[in-house]
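Dear colleague,

I am handing this structure over to you, and it is shown just below.

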Amino acid sequence: MVVPESQDKMYYPSDDLQRDAHVPDFNSYLALYRKSLENPEAFWKEVADEFFWKKPPTGPMLQYNFDVTKGNIYVKCMEGAKTNICYNVLDRHVRERNLGEKVAYYWEGNSPDHNMTITYGQLLSQVCRCANVLKQMGVKKGDRVSIYLPMIPELVYTMLACARIGAVHSIVFAGFSSESLCERIMDAQSSVLVTADGVYRGEKLINLKQIADEAMEKCRENGFMRWIRSLLLWCVQTPWDSECDVWWDEAMRDSPEECEPEWLDAEDPLFILYTSGSTGKPKGVLHTVAGYLLYTSLTFKYVFDHHHDDVYWCTADIGWITGHSYITYGPLANGATGVLFEGIPVHPHVGRFWEIIEKYKVTKFYTAPTAIRLLMKYGREPYDLSSLRILGTVGEPINREAWQWYHEVVGQGRCPVVDTFWQTETGGHVLTPLPAATPLKPGSATFPFFGVEPTILNEHGEELEGEAEGYLVFRRPWPGIMRTLYRNHERFENTYFKKFPGFYVTGDGCRRDKDGYYWITGRIDDMLNVSGHLMSTAEVEASLTEHPAVAEAAVVSRPHKVKGECLYCFVTLKDSREFNHAMVEELKRLVREKIGPIATPDFIQNAPALPKTRSGKIMRRILRQIARNEKELGDLSTLADPKVVEVLFSQRCEAAA
């Protein structure tokens, strides 16, 4: 792998950035990358030596099988070792490195008036107290704890408290509906739910307690649930159930500040995080202790070129994998100072992001292309952003226009943009630039991270060399890859390993250019990426068809200037039902209730019939072209009734003018 002189416009790292960088140039990257593939044992052992191990491993650093034809799929990292991830991200800094007074988080609330500074010592104290509360409630090693909280310090306290006592946390984004929350609680078989009474997002109040109570009611038939209630200063009056509700403040008040960590096996589960599946039922992605610690720590250190005096800000929500890996575990493993932000980019004004960067002198800033495109509409407010050194993007491929604006306007032409590709399943970055080492091409995720071996396959499973486009797959595991889907290993194997035995299949399409750079081209399966959130078309279709008037529904993506993609829905109504504005609003409301506001369709079109093959399969390729108003449809010979297409185009004009 050598980067030749390219005819494309390239952006090179500055001498100033290279001077102190962990990986100072491309040759250094190549040398480390070769070592990570040729001698993974030595490579990952050096990373592991940074951390505390109660007991060393008895097996090799990595063992695996990626080939379903040779037996069960498995990955093991540091088998036989014992450690505790909470000890490594907190106690190690406080007790061994004397970093107790260092700031772990600057917390910024939804309102600029709400803020807090939390040191590593204070964080350790609060986590231990919360861990003792959970233990008092009967939570033991291996028990699952569901967490449904906004971006407040208590969210970090709770997830680390679970990690401390060996409980498995399952965080549910606090924008999901009661039905989505219930589904995740039941699948994880959680014994405790930690939630809050409510949260403001901008000026909108979201009553989390009411949503949680509705979810609990749906779960009641399963005969479980006790839960802590987190009561915040800006609380609203909510119903109280003395049989199962516990007030956070009361429980924490007398809880001891010392809690001995539970020493866990390297492959013990750390957390479950649900991600959308193409069947409509969310998949419980399971990550384990040691490998996830090594991988999030190393990716954070190298991708953001972390140094002791940095102030790092990731704007994601901890309800998603980005927040798990790059707000909590990765930064804390490195003893970093981070910003924890509860609000939204445009409240109470459109300069909120820039105001926070100026206030805390943020040096490394990590956000989503959706947020960048939103802020492009307003321009950059006149705040001082001179502290910035590295910019990052996550969640979806970034378009060239947004990349250029981010680089030139936000980074003032001097900050490299690390465009990171990864998934809930990968645990951390797998394709990414390194800021001082990688010449950048706007929109490209560039090259693989250490230990990651990508390749591109065609539909027949043949490897493509040189310039190519096809399925992005990985030949071998890295420590942070998921181990299974919770309570469903068969689905795990079928989803990720069955199509091309011997490879992990990402579900994403990819292009490799003449210089070896990787470009993500989008989902190949029936999945959508809306504002960086992966969504299943089947899940949305299932919600729409629950309406008594809907006979059939099909959902595709349509480009959106801010979100990247949006939901475009075709619905076929039952006889005698009228398609009108009221029906559209009912259907949008139904999807919001079933899944959450993030899944609200932008367009719902009347479809007297759907384009199907003679065997009855819906041709979503054609629906995508109709949604985009692309008239060149190609071969329609397999359609049972080609006239359907003309009708749908005529109906489209009203839906998406």
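A nonpolar core, as the term is used here, is a set of buried Ala, Val, Leu, Ile, Met, Phe, Trp, Tyr and Cys residues joined through side-chain atoms within 4.5 Å, where buried means under 20% relative accessible area, exposed means over 50% and partly exposed is in between, with a 1.4 Å probe and protein chains only. Please keep in mind that this is a predicted model, in which local features need pLDDT of at least 70 and side-chain atom pairs count only at pLDDT 80 or more, while totals for chains, interfaces and linings use all residues. Residues are numbered from 1 along each chain as its sequence is written, and side-chain values use heavy atoms, with hydrogens and water left out.

The largest nonpolar core has 164 residues, and those with the most contacts inside it are Y29, L123 and L160. Helix α10, which spans residues 289-303, gives the most to this core, with 10 residues; helices (H or I, at least four residues) and strands (E, at least two) are DSSP runs numbered from the N terminus. If contact is taken as heavy atoms within 4.5 Å, then L160, leaving aside its neighbours within four places in sequence, is in contact with C86, V89, L90, V127, T328, Y329 and L332. A second, separate core of 29 residues includes V362, I398, V417 and L440.

Within helix α10 lies T299, which counts as buried because its relative accessibility is 0%. A polar atom of the T299 side chain lies 2.6 Å from the backbone oxygen of Y295, and one lies 3.2 Å from the backbone oxygen of T296. Not counting residues up to four places away in sequence, T299 touches F304, Y326, H429 and F449.

A pocket, found on a 1 Å grid over the protein atoms alone, is an open set of points where a 1.4 Å probe fits, with protein on both sides within 12 Å along at least five of seven lines, and its lining residues have an atom within 4 Å of a point. This one is lined by 20 residues, of which E50, S297, L298, K301 and N334 lie nearest its centre. The elements that give two or more residues to the lining are α2 (26-38), α3 (40-48) and α10.

Another residue to look at is R476, in the loop between β23 (468-474) and β24 (484-485). R476 counts as buried because its relative accessibility is 19%. Its side chain makes a polar contact, that is, a pair of N or O atoms within 3.5 Å of which one must be able to donate a hydrogen and the other to accept it, with the side chain of E453, at 2.9 Å. A polar atom of the R476 side chain also lies 3.0 Å from the backbone oxygen of L37.

Lastly, some backbone details deserve a look. The peptide bond from H347 to P348 is cis, with omega near -5°, and P348 lies in the loop between β17 (337-341) and α12 (352-360). T446 has a phi near 65°, a positive value in a residue other than glycine, and R487 likewise has a positive phi, of about 60°, although it is not a glycine. T446 counts as buried, at 0% relative accessibility, whereas R487 counts as exposed, at 55%.

With best wishes
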